[in-house]
Amino acid sequence: MSNTAKIYILALISFLVGTSQPIISGILDKMAEALGVSIGAAGQLITVFSLAYAIGTPILLVLTAKMERRKLLIYALFVFMVGNLLSVIIPGYGLFIIARIIMALSTGVAVVTILNIAAKIAPANKKASSIATVVMGFTASLIIGVPIGRFITSTYSWKFVFIGTAILVLLVIFIVLNTIPKMNGDASIPLTRQIAMFKKPKIALALSITFFLMTGYGILFTYLSPFLVKNVGMSDSLVSITLLVLGVASLFGSKLGGLSSDKRGVIFTLKRGLLVNVTSLVVLSFLSHSIIAVFIILTVWSFSGWSLGATQQYNLATISPESSDVLLGLNQSMMQLGFAAGAGLGGVIVGQISLSSITWFSALSCVFACITTFGLSRFLNNKKVVNQGFEAQKQA
């Protein structure tokens, strides 16, 4: 089997494990009803997942850094499969949270291992495009996985979503055993070194942008399905279509964000995307009574929001090139922490204020991301001026 075919297998795996996080957002109202809890409480299933992912994954990766990569991937996939089955077998909200934690930890390890394997087996001149292909699997999980999960839950039961995922993962394990070669692990990066990166102002500001952006995204996306059903008045089928369109918009947004960063620069792309994001959320707050308007505004929101994802990846890869690997890993953790904060805060907002007010709080978080972006821009410009001054003194 060619390495190109193996890359696509890894992309398929990334799709399966990538679906595990956002799938709850698409069926949140159904899960709340099935588990006998409020929508806010059901939203905490996403908070728990993201926190476990953000905190547990770096620790597990340090512990398993030297393990053979194929073996580690198989172990992670097996645990992920068990987590999916447990979510169906064990009864009750509390035990379902345990299943979510198991899925989160195994997803985090699987995601990093998949990217690591892709980078190792790809040809030297195609490493970037190979990794991009794998990342497309994660994007597809949002585009296809979430609306499919909504459709299956509405037509049959939410349990079929997790059972179906477990069966597919079992098949994938056998495929991995027969296609992916064995390869050595890497030297681990101590957690102390990773945490120390926050001491640098430009890095702390850059990572804060990710946190605030994902917090705002988490507030709205976590409770988007009940918002569309109860506040906007959409049917289940229309919700599924809306989620599919938002996924497609995110795909094009990611592509445009990368192109804009290359042509106009990272800071310009971040500022523009964030301003469009905030504006769309504010407008959505006033036009939530119109299905057509909501559909259009959410498409713009998803497009602009995801244009920032690729931009931030590039921003962190170039802002401190000597530490790019560490920064990209920290960015993943900040994304999960932000999403966890958004889901948790959204639950409080829905429970204590109202479901309709999530748009305002989502916009507020994105405003903080805007302020941080302008702060980073100012810091980098000042740094550039200082460096130019030093160079002028040297030449004098």
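Student: Buried means under 20% relative accessible area, exposed over 50%, and partly exposed in between (1.4 Å probe, protein chains only). What is the relative accessible area of Leu51, then?

Tutor: Leu51 has a relative accessible area of 36%, so this residue is partly exposed. Please keep in mind that this is a predicted model, in which local features need pLDDT of at least 70 and side-chain atom pairs count only at pLDDT 80 or more, while totals for chains, interfaces and linings use all residues. Residues are numbered from 1 along each chain as its sequence is written, and side-chain values use heavy atoms, with hydrogens and water left out.

Student: Where does Leu51 lie?

Tutor: Leu51 is part of helix α4. Helices (H or I, at least four residues) and strands (E, at least two) are DSSP runs, numbered from the N terminus.

Student: And which residues make the nonpolar surface patch?

Tutor: Leu51, Ile55, Ile59, Leu63, Leu191, Ile195 and Phe198 make a nonpolar patch of about 640 Å². Two or more residues each come from α4 (39–63) and α9 (191–196). The most is given by α4, with 4 residues. Patches are made of residues with over 30% relative accessible area and no salt bridge, like charges being joined within 9 Å and nonpolar side chains (Val, Leu, Ile, Met, Phe, Trp, Tyr) within 5 Å. The areas come from the Shrake-Rupley method with a 1.4 Å probe; for residues, only the protein chains shown count as cover.

Student: Changing topic: how many salt bridges are there?

Tutor: A search of the whole structure finds 3 salt bridges, each being a side-chain nitrogen of Lys or Arg within 4 Å of a carboxyl oxygen of Asp or Glu. Side chains of opposite charge can pair when their charged atoms come close.

Student: Which residue forms a salt bridge with Asp29?

Tutor: Asp29 pairs with Arg150, and their closest N and O atoms are 2.6 Å apart. This pair links distant parts of the chain: Arg150 stands in helix α7 (residues 127–155) and Asp29 in helix α3 (residues 28–35), 121 residues apart.

Student: Are Arg150 and Asp29 buried or exposed?

Tutor: Both Arg150 and Asp29 are buried. Arg150 counts as buried because its relative accessibility is 0%.

Student: What about Lys30, which side chain meets it?

Tutor: Lys30 meets Asp236 in a salt bridge (3.1 Å, N to O). Here too distant parts of the chain are linked, with Asp236 in helix α12 (residues 236–264) and Lys30 in helix α3, 206 residues apart. Asp236 is partly exposed because its relative accessibility is 27%, and Lys30 is partly exposed at 23%.

Student: How far does α12 reach?

Tutor: Helix α12 has 29 residues and reaches 40 Å from its first C-alpha to its last, close to the 42 Å expected at 1.5 Å a residue. The expected span is 1.5 Å times one less than the number of residues in the helix. Just after α12, Gly265 takes a positive phi of about 105 degrees.

Student: Now the confidence: which element has the lowest mean pLDDT?

Tutor: Helix α16 has the lowest mean pLDDT (74), and helix α5 (residues 69–89) has the highest (93). Where pLDDT is low, the predicted coordinates should not be read in detail. The protein chain averages a pLDDT of 83, with 90% of the residues scoring at least 70. The pLDDT is the predictor's confidence in each residue, from 0 to 100, and a contact means heavy atoms within 4.5 Å.

Student: What does Thr373 touch?

Tutor: Thr373, found in helix α16, touches Ile209, Leu270, Lys271 and Leu274, not counting residues up to four places away in sequence. Thr373 is buried, with a relative accessible area of 0%. Phe368, placed in helix α16 (residues 358–395), is partly exposed, with a relative accessible area of 40%.
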